Amino acid sequence: MAVLVVLAVWEIAPRVGAIDPAYTSQPSKVIAAGIQIVRSGGLLEDISVSLAEFAAGFALAIIVGVPLGLLLGTFRVLRYLLDPPIMAIYATPHLALLPILVVWLGIGMQSKIAVVFVGGVIPIVVNSIAGVREVESSWIAAARSLCAREWDVFAKVILPASLPAVVLGIRLGLSRAVLGVVVAEMFQSQAGIGNRIMRYGSEFRTDYLLFYVLLVSVFSFTATWSVRALEDKLWTSGK
Amino acid sequence: MTGFASWKSSPIVLGVVFFAALLLLWESAVRFGWVNPFFVSRPSLIAASLSREVQSGELQRNLAVSLGEFAIAYGASVMIGILTGLLAGRFCTLEYILDPFLWFLYSAPLIAFYPIFVIWFGLGAPTVIAVSFLLSVTQITASTLSGIQNVDPGLVRAARSFGASERDLLWKVILPASVPMVIAGLRLAIGRVLMGVVVAELFGATAGLGFSIAYYGGLLQTTNMLASLVVVVVLGVLCTQALSALEAHFSYWRTDLRI
C-alpha cells in the first residue's frame with residue numbers, strides 16, 4: 001500500500017512540475033526504458049559478463065573459504081596465526097582494494113573476480129570458524145568415547161553441526177559479492193551491468209540507470225532469499 | 001614446560017609473530033627480486049611514504065576530509081536510524097509502511113545509486129555523505145527494529161500488570177532490553193559507513209582517503225596507494241574494535257537471539 005503511494009507520488013510529482021524529471025525519472029519511464037533495453041538485445045550480454053564474474057569469484061570464495069574456515073576452526077594454533085590478518089581484512093571495506101586490484105590484474109574480468117572473491121571469502125571463513133567452535137563439545141566427547149576416529153569426529157559430528165553457520169557465512173558473503181561485481185564494474189571496466197550504470201549515470205539517463213539498479217537489487221534479493229530458505233531448512237532439520 | 005605451552009598458545013603472541021613474519025617476507029621477497037616492486041611495493045617504502053605524507057600535511061588533510069564526512073554520515077544515521085527503528089517498533093502501521101522500503105534498501109547495492117546522487121548533489125562531500133548515510137541508516141533502523149521486536153513479551157506484560165505507563169514501559173523495559181541489538185546495529189553500520197565514504201571517494205571526490213587511493217592508482221604509484229590503504233585498514237580496525245568493546249560492555253544483558 002505504502003509502496004503504491006510512493007510510486008504514485010513519484011509518477012505524478014514530475015508530471016505536475018513539482019520535481020524535475022531529469023533528477024528522479026518516473027516509474028513509467030523506467031519500465032519503458034526496461035522494455036527498450038530488453039528489445040535492443042544488449043542486456044543479455046551485460047548480464048552474462050556480470051554473472052560470469054560473479055559466479056567465478058563466488059565459487060572460488062566458497063571453494064577456498066569453507067575448507068579454510070573449517071581448518072582454522074579445528075586447529076587452534078593455525079587460528080591464532082591467521083586471526084589478525086583475517087580480522088584486519090574483515091574490518092577493512094573490501095571495495096577499497098579495488099584500485100590496487102585493478103593495477104595488479106587489469107581492467108578486465110580478473111580484477112572483478114578478485115573483488116568478488118575477497119568480498120565473499122571473508123564472511124564465509126569467519127562464520128565457518130565460528131560454526132566449528134560452537135559445536136557442542138559434549139557431542140565430540142560422546143563420539144570420542146564411542147571410539148570414533150579423528151576423521152569420523154570431523155566428518156560425522158563437526159561438519160554437519162557447523163553447516164548452518166557455514167551457510168550463514170555464504171549468505172552474508174553473497175550480498176558483499178554482488179556489490180563487489182557492480183562497484184568494480186562501475187570503477188573500471190569494459191562491459192557488464194555496473195559499466196552500464198556508470199555510463200547512463202554520466203549521461204544523465206536516470207530511467208535507464210534505475211532499470212539496471214533495480215535488476216541488480218532483484219537479483220541480490222532473490223539470491224539472498226534462496227540461501228536464507230536453505231538456511232532455515234538446515235536449522236529446522238538440525239534440531 | 002607449562003610456561004612454553006602457555007606462550008605457544010597465547011593468541012596475541014602468535015598473531016604478532018605471524019604478522020611480523022608476513023611483513024618480513026614481503027620486504028625480503030621484493031629485495032631479493034622475487035616479486036616486482038612496482039606491483040606490491042615494500043613495507044619500508046610504504047612507511048617512508050606515510051611519514052612523508054604526514055610531514056607535508058597531505059595525510060592529515062585527507063584524513064580530516066574523510067573523517068568529517070564519516071562523522072556527519074554516521075552521526076546523522078545513528079540519530080535518525082534509532083529514532084525510526086524505535087517508532088517503527090512501537091507503531092505497527094509505521095512498521096508496515098517502512099518494511100518494504102527497508103528491505104529494498106537493505107538488499108539493493110546502494111553504491112549503484114551513486115551516479116544519481118552525483119546528479120542531485122554534485123561531486124564531492126555531499127554525495128559521499130548521502131551514500132554513506134543511506135548505507136548506514138538502513139542497518140541501524142533494521143537492527144533497532146528487530147531489537148524492539150525481540151523484547152521478551154513476558155517482561156512487557158509483567159511491567160504492565162504492575163501498572164507501568166507507556167512511558168515507563170519505553171524507558172524502563174523496552175529501551176534497556178533492546179540495547180544489545182541496537183549496539184550490534186551500530187557496529188555493523190560503522191563498517192558500512194566507512195565503506196561508503198571510501199568507495200564514494202574513489203569514484204569522484206577532490207580529497208579524502210578514497211580519493212587518494214584512486215588518485216595514486218591512476219598514476220600507478222603503488223607505494224603511495226598502499227600507504228593510504230594502510231590508513232583505511234587501521235581506521236577500519238579501530239572503529240570495529242571500539243564498537244566491539246562497547247558491545248562487550250553491554251553484553252551482560254544479552255539474551256539468546258538469532259538474527
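Helices and strands are here DSSP runs, a helix having at least four residues and a strand at least two, numbered from the N terminus. The exercises below concern a predicted model.

**Exercise 1. The elements of chain B**

State which elements chain B contains and in what order they run.

*Solution.* Begin with the count: chain B has 12 helices and zero strands. Next, read from the N terminus: the order is α-α-α-α-α-α-α-α-α-α-α-α.

**Exercise 2. The dimensions of chain B**

Compare the radius of gyration of chain B with that of a compact globule of 259 residues.

*Solution.* Take the reference value first: a compact globule of this length would have a radius of gyration near 18 Å. Chain B itself has 23 Å. Then consider the box along the principal axes, where the C-alpha atoms of chain B fill roughly 75 × 65 × 30 Å. Finally, turn to burial: 41% of the 259 residues of chain B count as buried.

**Exercise 3. The side of chain B that touches chain A**

Determine how many residues of each chain are in contact, and which helix of chain B gives the most.

*Solution.* In the first step, count the partners: 42 residues of chain B are in contact with 41 residues of chain A. The greatest contribution comes from α12(B), with nine residues.

**Exercise 4. Helix α11 of chain B**

Decide whether α11(B) is mostly covered or mostly open, and find what its buried residues pack against.

*Solution.* Of the 10 residues of α11(B), nine are buried, and the helix is mostly covered. Among the buried residues are L209(B), F211(B), I213(B) and Y216(B). Their partners lie in both chains: the buried residues of α11(B) pack against α6 of chain A, and against α5, α10 and α12 of chain B.

**Exercise 5. The residue L220(B)**

Locate L220(B), describe its phi, and explain why it counts as exposed.

*Solution.* First, L220(B) is found in the loop between α11 and α12 of chain B. Second, its phi is near 60°, a positive value in a residue other than glycine. For comparison, most residues other than glycine have a negative phi.

Conventions:
Residues are numbered from 1 along each chain as its sequence is written. Chains are lettered from A and ligands numbered from 1 in the order in which they are written. This is a predicted model: local features need pLDDT of at least 70, side-chain atom pairs count only at pLDDT 80 or more; totals for chains, interfaces and linings use all residues. Two residues are in contact if their C-beta atoms, placed from the backbone, lie within 7 Å. A residue is buried if 20 or more other C-beta atoms lie within 10 Å of its own, exposed if 12 or fewer, and partly exposed in between; C-beta atoms are placed from the backbone. The radius of gyration is taken over C-alpha atoms; the globule rule is 2.2 Å times the number of residues to the power 0.38.
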